[in-house]
Amino acid sequence: MNLQTTLQEKFGFEEFRPYQQEVCELAVAGRDLLLVMPTGAGKSLCYQLPGIVRGGTTLVISPLVALMEDQVYKLKKQGFRAERIHAGRDRAASRVVCVDYLQGQLDYLFIAPERLAVPGFLEMLAKRKPSLIAVDEAHCISEWGHDFRPEYRMLGQRLPELRPSPVIALTATATVKVQDDIVTQLGLKQEVRSIHGFRRSNLALEIVELNPSERTDAVAEILQSPERLPAIIYAPTRKDAEEQAKALKTWTKAEAYHAGLASETRERIQAQFLEDKIQVIVATIAFGMGIDKPNIRTVLHTALPSSVEGYYQEIGRAGRDGKPSRVILMHSYADRRTHEFFTNRDYPETELLKKLYLALPPLLGPANNPLKSSLLAKDVLQSQVGHFFKDELAFENAFQKLRIHGAIVLNGDGEVARSGRDWMKSYEAQRMHRVRQLEQIARFAESHQCRMVHLIKHFGDQEDGGRTCGLCDVCDPVNSLLKKERELSNDEKRYVERIVAVLREIDEMSTGKLFQAALAGVPIERRDFEYLVSGLARAEIVRLREDAFEKDGKVINYMRASLNQMWADSPSSSLFAAIKLNHRVRSGVKKKTVRKKSAGSVRKRSSTGKKSVSERFRNES
Ligand code: ADP
Ligand code: MG
């Protein structure tokens, strides 16, 4: 049966969505594939349909029981023979599924990656190899990120047993680096990468610097126009969500939504929002998974999100109906400090983890059945090394980090031993990744190129022509809602003259060197210099180009600046007239603290009682 008829007759869809057909053709032909498309694009069909056309069973690896149940339910409803095996099902049911599988009675079998570690299971599957293997949410395999699942990592070792079945990896969030990682880890061979659809042409993106204290008013200002509703506001903490919702409730139908609410409450609020009975949801990142409301006109972030990937997913909920929608991100430098504080808390220095690791007794006997007498109870361990940690939470966090990275053998009685595995490299990689994610979102917020183009590049969408969107605050500043422009101050005029004078003498130089050369001895901070340079870049007086170098095995990104020759001989007055600076507020953090102290000192301040970042923001959802 050909693809088109199978699509219509078996799946009940009129036509393919963009890219589905070519991906299906490749999968039917048995190619290994990496498919990256935004949530809701219809990735599942790209393995489901080829699976049917190829015949036999498609094995689907999925990270969440809820996802598996949902997919199996849908497939069964469409008349397919779909089953799943996971920890939530009883043995008898799972045994029946295995028998069905071996007899070739299944179109799809869904499993969690952990299942492959169960003795005998992989061998059972190998007796009748699947005709296609789909690895859903494949970014979980990469240690670069919050969704990292150690069991996914093991797939690289286990899948070869099931080859030569083609493997198709699917995900909605994979930067180029994660893509490479997925391909390597899963051992995809001569794979085709299909990376599409990150451009959203009905979204106007706006980014504005605002002090935290100014953001509530800004939200009200935006949402007072009824055509900007319904709206989702992403708040950084539960408390913040509650407070903002309270302020909004005085004049519109708004509710807070976060993981601290009872699940009935959450379901009710979500349902009311879907039915347009609530106009505004003020949520933490806990909200949105699986939300498919077409008419969301506005998505606001009232603080810097923690990654570009997360941000993209969240704004992706706006304008699903294709009508113009606006997404606005408010941030200030203080937000970045907050994230740094939490990164340091959640990803402690390797040295600290090492202390905990060394306190573990060495493993005696096999890892899945260690010698009882060699083990140490976890609470005893805690009493021995707890003093290295700030509090119980810090100990627990460190313990979990070690466990996730394979350093700890833990039995059902809460007894532990040292695994002997090398955990350090993988932990450090993950920690570095978190730091990089933070740099990336900060760079995004502070950049001066088209917002949409920046996102598309971030996701490695090669097919996109890179045309500017025409809608964001960079492309169309006049229509942005919050951004206000201003003229240069007298000081700034002097600085601009010095910057331009240096660039007249040289073809191109890094912005770091430019700062030194033009403004040494001038009482201006690097950050304020960058801000001026952004203004120069927007006026197209200065051209900026990203570059990178390697230091100690790490890639350091930086900017190089050059003078646009059109302005080479222009008098100062016309330069000044061309530059419009974004109206900007100073962050709440005092200048000196920002410059001199490390992120660690923020923690110190917070523990000395003064209400600070840790009080205002909690890394929770
Ligand atoms: P993803 O995994 O990319 O987030 P899904 O595979 O869950 O997206 O698909 C999202 C929705 O789109 C599902 O409800 C699915 O049934 C629907 N869908 C997928 N392909 C098509 C198609 N060709 N025509 C109509 N609807 C489709
Ligand atoms: Mg999916």
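This is a short tour of a predicted model, stop by stop, with what to select at each one. Residues are numbered from 1 along each chain as its sequence is written, and chains are lettered from A and ligands numbered from 1 in the order in which they are written. Because the model is predicted, local features need pLDDT of at least 70 and side-chain atom pairs count only at pLDDT 80 or more, while totals for chains, interfaces and linings use all residues; side-chain values use heavy atoms, with hydrogens and water left out.

**Stop 1: the ligand**

Select ligand 1 and show the residues near it (a heavy atom within 4 Å). The shell consists of Phe-13, Glu-15, Phe-16, Arg-17, Gln-20, Pro-38, Thr-39, Gly-40, Ala-41, Gly-42, Lys-43 and Ser-44. By class, four of these are nonpolar, five polar and three charged. Here Ala, Val, Leu, Ile, Met, Phe, Trp, Tyr, Cys and Pro count as nonpolar, Asp, Glu, Lys and Arg as charged, and the others, Gly among them, as polar.

Next, look for N or O atom pairs within 3.5 Å. Which atom of Glu-15 is 2.9 Å from a nitrogen atom of ligand 1? It is a polar backbone atom of Glu-15. Lys-43 uses a polar side-chain atom, 2.8 Å from an oxygen atom of the ligand. At Ser-44, a side-chain N or O atom is 2.6 Å from an oxygen atom of ligand 1. On its own, ligand 1 has 570 Å² of accessible area, and the protein covers 69% of that (Shrake-Rupley method, 1.4 Å probe).

**Stop 2: helices H21 and H22**

Helices are DSSP runs (H or I, at least four residues) and strands are runs of E (at least two), numbered from the N terminus. Select 511–519 for H21 and 526–538 for H22; their axes are 11 Å apart, at an angle of about 100°. H21 is therefore roughly perpendicular to H22 (65 to 115 degrees). Axes are lines fitted to C-alpha atoms over the stretch in contact, and angles run from 0 to 180 degrees between N-to-C directions. In contact (heavy atoms within 4.5 Å) are Thr-511, Gly-512, Leu-514, Phe-515 and Leu-519 of H21 with Arg-526, Phe-529 and Glu-530 of H22.

**Stop 3: helices H13 and H18**

Now select 308–315 (H13) and 424–446 (H18), which pack at about 55° with axes 8 Å apart. Val-308, Glu-309 and Tyr-311 of H13 meet Gln-437, Gln-440, Ile-441 and Phe-444 of H18.

**Stop 4**

Select Pro-164, in the loop between helix H8 and strand E6. A cis peptide bond joins Arg-163 to Pro-164, with omega about 15°. Move to Pro-230, between helix H10 and strand E9; a cis peptide bond joins Leu-229 to Pro-230, with omega about -5°. Finish at Asp-276, in the loop between helix H12 and strand E11. Asp-276 is not a glycine, yet has a positive phi of about 65°.

Key: A polar contact is a pair of N or O atoms within 3.5 Å; within protein, one must be able to donate a hydrogen and the other to accept it, and residues adjacent in sequence count only if both atoms are side-chain atoms. Angles under 35 degrees count as roughly parallel, over 145 as roughly antiparallel, 65 to 115 as roughly perpendicular and the rest as oblique.
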